[in-house]
Amino acid sequence: MTVYHDFFKVKNDKNKPIFHDITDKVKEIVTTSGVKNGIVIVYSQHTTCSVIIQEESHDTTLDGTKYLLHDLLDVFEKIIPKCRREGHYLHPGPKHIKHAEDNLDELGVWSLNTDGHLRSCLIGRSESIPIIDNKPELGEFGEIYFVDFDSVRERERFVHIQIVGE
Amino acid sequence: MTVYHDFFKVKNDKNKPIFHDITDKVKEIVTTSGVKNGIVIVYSQHTTCSVIIQEESHDTTLDGTKYLLHDLLDVFEKIIPKCRREGHYLHPGPKHIKHAEDNLDELGVWSLNTDGHLRSCLIGRSESIPIIDNKPELGEFGEIYFVDFDSVRERERFVHIQIVGE
Amino acid sequence: MTVYHDFFKVKNDKNKPIFHDITDKVKEIVTTSGVKNGIVIVYSQHTTCSVIIQEESHDTTLDGTKYLLHDLLDVFEKIIPKCRREGHYLHPGPKHIKHAEDNLDELGVWSLNTDGHLRSCLIGRSESIPIIDNKPELGEFGEIYFVDFDSVRERERFVHIQIVGE
């Protein structure tokens, strides 16, 4: 029985939510682990990010977002709209915004990522995938995406891969 | 320590989203695995399907859908309505619809399952359940449902059961 | 390789949905398990409860709910509003409500928790977290919350912690 851990980093996009196709990276780590049968957890350690498994979609909008994933953003724009000004949501609260104003040029704008937190709540932090014959079982069309809903400033994100099996 | 894999198939309903109660099937596989303590992952390999654990609900609507599960469909009808025509969502895009038109009698209707993809994103692909004393811990009322949101054509679906424990 | 199980109980709040910060409890159980590397599943055995990982939020509303978590309730109030009377949702159905009327003083009010079931469907039952160096990997800001969406009567809730690793 083996426990195998690895991680890698991806960058967010400071202009829009971004979907990283991390399928090949996950497959590569599963291969390296040598685990033939078991489970792999693909996990975001960030509270404004999520992991989903969805179909590859070839067409993209003008900003490069795949059609299906843009449809997902459209759904969220209806139910958890992008935070556009302080007070739109209760979080992060006046004290936090004041603190940001005192310390940053950006007038606390970096705090206005409440929508990202809430969207991440609904989607969840991780996907657990069976490993069969040393491959994550993704079906015919499944691709693994790391979703970063937070676009208020540039930053690096950690994707953890935890494998248990034999 | 054991890793135990099994799978089974269920059929979708080409007229409506369908909820398969797979509780007994999962319990049976856990028993057969011989695993006393561990975890079981109940996993859909399809991008328009999900797994949920919910209460059994005896009353059903006229089409046979249990009340609670029909309430869930009503929620989705509000936030991610059924795709009724091409262009309702960006996905699958004009090229894909054209391709479908050229190859199928059904005028590409089989592609109009974007709502299923998006609903599956929100619910997720799997549930991970503790195994205690060779039984999945479901509480007093929990039943496991495989949900197929895709009803545009008949097809078979694979449910994977992956067990790790001892 | 070790499989380690533990559980603990929390109380709901009969007046409102409640978020229990169970981070320290989960960390303590991981420490006790002695597992250095592996996975921990934090699991609700109840069909109206969920587990989320979110940022700590210091400010609270007058009723004591943290800002970010109250924002989440506001989202749900839009998409899956609190059940206020029988018939608001199909579930639990007239037979069940009648049964409750015959047996309880509260005119079946205890059955009107359909919103809790549906919210739990969307969030899911559990979170799976990598264990690295005998700690659940939560990033800089992650806290684990057990969410109880059901506030129609007082009751105890079971949180299961299942650990697999070495």
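Reply: Chain A is superposed on chain B, with an RMSD of 0.0 Å, by a rotation of 120 degrees with 0.0 Å of shift along its axis; the superposition is by least squares on the C-alpha atoms of residues with pLDDT of at least 70 in both copies. In chain A, the C-alpha nearest the axis belongs to A:Leu122, at 3.7 Å. This is a predicted model, in which local features need pLDDT of at least 70 and side-chain atom pairs count only at pLDDT 80 or more, while totals for chains, interfaces and linings use all residues. Residues are numbered from 1 along each chain as its sequence is written, chains are lettered from A and ligands numbered from 1 in the order in which they are written, and side-chain values use heavy atoms, with hydrogens and water left out.

Chain B can likewise be laid on chain C by a turn of 120 degrees and a shift of 0.0 Å along the axis, with an RMSD of 0.0 Å. That is the relation of a three-fold axis. B:Leu122 is the residue of chain B that comes closest to the rotation axis, at 3.7 Å (C-alpha).

Only 19% of the interface residues of chain A are also interface residues in chain B, so the copies meet through different surfaces. Contact here means heavy atoms within 4.5 Å.

One such meeting involves helix 2 (residues 67–79) of chain A and helix 4 (residues 114–123) of chain B, whose axes come within 10 Å and cross at roughly 65 degrees. Helices are DSSP runs (H or I, at least four residues) numbered from the N terminus, and axes are lines fitted to C-alpha atoms over the stretch in contact, with angles from 0 to 180 degrees between N-to-C directions. Helix 2 of chain A is thus roughly perpendicular to helix 4 of chain B, a term covering 65 to 115 degrees. On the side of chain A, A:Leu68, A:Asp71, A:Leu72, A:Val75 and A:Phe76 meet B:Thr114, B:His117, B:Leu118, B:Cys121 and B:Leu122 of chain B.

In chain A, A:Thr114 is found in helix 4. A:Thr114 counts as buried, because its relative accessibility is 0% (buried means under 20% relative accessible area, with a 1.4 Å probe and protein chains only). Not counting residues up to four places away in sequence, A:Thr114 touches A:Cys83, A:Tyr89, A:His91 and A:Pro92, as well as C:Leu68 and C:Asp71.

Terms used:
Helix = DSSP H or I, 4+ residues; strand = E, 2+ residues; numbered from the N terminus. Parallel < 35°, antiparallel > 145°, perpendicular 65-115°, else oblique. Buried < 20%, exposed > 50% of the residue type's maximum accessible area, 1.4 Å probe, protein only.
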